[in-house]
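Please load the coordinates in your viewer and keep the selection panel open. The stops below are meant to be followed in order.

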Amino acid sequence: MCIAALLCLWRSGPPPGRVRASRHAGWNDMRLSRTLAPTLKETPAEAQIVSHRLMLRAGLVRQTAAGIYAWLPLGFRVLKNIEQIVREEQDAIGAQEMLMPTIQAAELWRQSGRYDAYGPEMLRIKDRHDREMLYGPTNEEMITDLFRQSVKSYRELPQMLYHIQWKFRDEVRPRFGVMRGREFLMKDAYSFDLDYAGAVISYRRMMLAYMRTFQRMGVKAIPMEAESGPIGGNLSHEFIILAPTGESQVWYDAAFERMDVSPAAVSHHSPADLERFFTEMTTHYAATDEKHDPALWEKVQEKREGRGIEVGHIFYFGTKYSSPLGLTVAGSDGTPVAPHMGSYGVGVSRLVGALIEAFHDDAGIKWPDAVAPFRAAILNLKVGDAACDRISEEIYAKFAGDALYDDREERAGVKFADADLMGHPWQIVVGPRGAASGRVELKRRATGERQEVDLDAALAQIG
RNA sequence: CGGGGCGUGGCGCAGCCUGGUAGCGCGCGUGUUUUGGGUACACGAGGCCGCCGGUUCGAGUCCGGCCGCCCCGACCA
């Protein structure tokens, strides 16, 4: 059998003895020599902020028009990982996943009054019959319409629905790469409750889900009171994650650093737990530039300051949409009631940039384990060397698609630099020095710590 | 939308003021070299100089229009 045929066998499918399941559905063959991951030594002129620069340099995305990006294989994997964490935490509090279209008819937006109110940020389109359509910037009207078609009784409430879908807002000035693009991937959820008291519970539940979501991504998130809008009631919060290069200054109480939001500490089924949680989240001081109050800040015992990036926003808006769109359900006494609603967004694509802002150094990205495109990179420092090739292939096979194999015929320095740039949490360096005796070097990207270990020890540690 | 700037091989840039055969670095290909942190040398491929029009014997360069992109501000997931 020729070498090419052997290689084909290697590539033909999931090999046995996998170390851990891939976070992805399929088993992708990820040899760098056959991967569209165009890393750049120099920074493209258009990129200003660090996350944008690194996303371009690490080959995660490419811009195709102002504020519109193509997601290349590595970037796409990160996006999917973030999306999956968001999904799991939404599911965990009982929200139902669905999928609404990107293109909507103008008609519904006329009913809610937002067709004119939204302004030029909304991308308006005409179809071949000259019907007015739009590329959805959000989905309140649509979900309200869908809900009213089928839900008729208070017995069916409460409900919470969400989808993860591309949105378009025709920003006057897109910038910061995917952090402020025109096209963006967003998780938006909508809650329907019979009354205000119910809506408050939904709101708190979602706040809990958000705290857990961001915590899983390895970042500290702080809910900050936002403009409460016409409804009031103190129920509008922005979620800011801390990053040294964040867009705005934030002031907060160190108490946020100690909060336990695990299911063991707070049950989303228990209104009492939720209330305690909500109180905890909203009584300590936390503010961005606009809302910062020096007088109140003075009273904070343990002060913390930093920079932050908004990655989520939740708000309660009562019957703002249910009323004009005619959504009512029969109450227990038979009279129609307009449900109280809330909506809850997470900027999924924005998070890719935001996480890079939070986790990087001069050499490149330092992905948190939970969202990294690959758990590890295998750096074969001497492609063609029998021992290096054998060990590299062996490791690669065991990772079952969750490792990127740098099988390029490049110099060691190039591979190190690219691996650091791309930010895989672990690097497994297979060089002729150690390979002969079955040893590899294991490097932890986040800390820079390295150790030379046996192959099995390396796999066990990363496992 | 107000203000500013930039479009020249894949990336970063020079050339434009003062019109005359399109250049540099990186990257890419081949060879030698090197062999654990972006090695060195040689040779080579690659550019309707954003688009349209004008001036001129001649336009990357001057003039007009258009398009695209970036930055600051206002606005925003």
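Begin with RNA strand B in this predicted model: of its atoms within 4 Å of the protein, 44% belong to sugar or phosphate and the rest to bases. Next, select the protein residues around RNA strand B, which number 37, the closest being R173, G181, E310, R411 and D420. Coloured by class, this surface divides into 19 charged, 12 nonpolar and 6 polar residues.

At A66, a polar backbone atom is 2.7 Å from a phosphate oxygen of RNA strand B. At R175, a polar side-chain atom lies 2.7 Å from a base nitrogen of the RNA. At D420, an N or O atom of the side chain is 2.5 Å from a base nitrogen of RNA strand B.

Now display the secondary structure. The elements that give two or more residues to the surface near RNA strand B are β1 (61–65), α12 (412–422) and β22 (439–444). Which of the elements gives the most to this surface? Select α12, which contributes 7 residues.

Return to D420 and select Q427, whose side chain makes a polar contact with the side chain of D420 at 2.7 Å. Q427 is found in strand β21, residues 426–430. Is Q427 buried or exposed? Q427 counts as buried because its relative accessibility is 1%, under the 20% cut-off. To complete the tour, show the contacts of Q427 beyond its neighbours within four places in sequence: A377, L379, F416, A419, D420, E441, L442, K443 and R445.

Key. Residues numbered from 1 in each chain as written. Chains lettered and ligands numbered in written order. Predicted model: local features only at pLDDT ≥ 70, side-chain atom pairs only at ≥ 80, totals over all residues. Heavy atoms only, no water. Helix = DSSP H or I, 4+ residues; strand = E, 2+ residues; numbered from the N terminus. Buried < 20%, exposed > 50% of the residue type's maximum accessible area, 1.4 Å probe, protein only. Polar contact = N/O pair within 3.5 Å; in protein donor to acceptor, adjacent residues only side chain to side chain. Contact = heavy atoms within 4.5 Å. Near = heavy atom within 4 Å. Nonpolar A, V, L, I, M, F, W, Y, C, P; charged D, E, K, R; others polar.
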